[in-house]
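Q: Can you take me through the sheet, the cores and the helix packing in this one?

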Amino acid sequence: LDLLDKNNLKKDGIIKNKTRQTTVKTRIIGRGQQILRVDEESIEPLNRETENIFIDLLHEIILQENIVAIITEDYDKGVITSKIINYIAKISKNKIITLIDPKKRNFTDFKNFTLFKPNLKEFTEGLNINILKDNYTELFKTSKKYLEESGNKNIMITLSENGIFIADKNNWYHEPAHIRDIIDVSGAGDTVISVTTMCLLAGLNNKDIISIVNIAGGLVCEKSGVVPIDAKKLKSELQKNNLSVIRP
């Protein structure tokens, strides 16, 4: 909490619970690259009392603040439950942009979100299918069926060294990965979904969105550890790549 205060970050959504430990990730770094990570955590689902406290707090914040977007980062640590997922989808509807970075446990529970962002492994395992990462036609066919069944509007699939794929029910786009000096991929997924959120709020189309987030994800991989995206650096990189969709 002191760290949040130091960085002028709100802590209204923090819940103190004496029965559940905070997840602690210890990264072992060698020559600027992560070689091992040790997690100390509780991964069982929230008990009913804590779950209800969490939902009540979310409801209060959404009503009191001008919330325009909600990012749900599901790490399979037990905090994101089916009830919480359903609550977010219900209260948001068409008023709030909602994005989800899923994991396997709750994969089929995410419905009626603005954008669903798995990586290819999560997507294929979640649907129990097998698709080659460079078979974009088949990927779109499967994505379209998934969107129709889930009610989600868009899907973005990260493909590691093959870049990023994005689709709605009508069109798909693929952006190859940019050649970069990759040092550490930690936090790249978080960068991609946060920058995607800003792009959606700015009203950009899917083709422009993946061009921007592809560069943003690559930039943070050039630094060791989990780092925030530098807005000035991102803008400079976009200009170098003739992407003029960002306003001054």
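A: First, the terms: two strands pair if DSSP finds at least two bridges between them. Helices (H or I, at least four residues) and strands (E, at least two) are DSSP runs, numbered from the N terminus. This is a predicted model, where local features need pLDDT of at least 70 and side-chain atom pairs count only at pLDDT 80 or more, while totals for chains, interfaces and linings use all residues. Residues are numbered from 1 along each chain as its sequence is written, and side-chain values use heavy atoms, with hydrogens and water left out.

Q: OK. How many bridges join β6 to β7?
A: Four, between residues 154–158 of β6 and residues 164–167 of β7, and the two strands run antiparallel. T158 stands opposite I164 in β7.

Q: What is the strand order in the sheet?
A: β3-β4-β5-β6-β7-β8, an open sheet of six strands with mixed pairing.

Q: Switching to the cores. Which residues have the most contacts inside the largest nonpolar core?
A: L139, I155, I157 and F165, in a core of 31 residues. Such a core is a set of buried (under 20% relative accessible area, 1.4 Å probe, protein chains only) Ala, Val, Leu, Ile, Met, Phe, Trp, Tyr and Cys residues joined through side-chain atoms within 4.5 Å.

Q: Which helix gives the largest share?
A: α3, with six residues of this core.

Q: And what does I157 contact, leaving aside neighbours within four places in sequence?
A: Its contacts include P118, L120, F123, L139 and F165. Another core, of 22 residues, lies apart from the largest one and has I97, I164, I215 and L243 among its members.

Q: Last topic: at what angle do α2 and α3 pack?
A: About 20 degrees, with axes 10 Å apart. α2 and α3 are therefore roughly parallel, the class for angles under 35 degrees. Residues meeting across the pair include F54, L58 and I62 in α2 and I84, Y87 and I91 in α3.

Definitions and conventions:
Buried means under 20% relative accessible area, exposed over 50%, partly exposed in between (1.4 Å probe, protein chains only). Contact means heavy atoms within 4.5 Å. Axes are lines fitted to C-alpha atoms, for helices over the stretch in contact, and angles run from 0 to 180 degrees between N-to-C directions. Angles under 35 degrees count as roughly parallel, over 145 as roughly antiparallel, 65 to 115 as roughly perpendicular and the rest as oblique.
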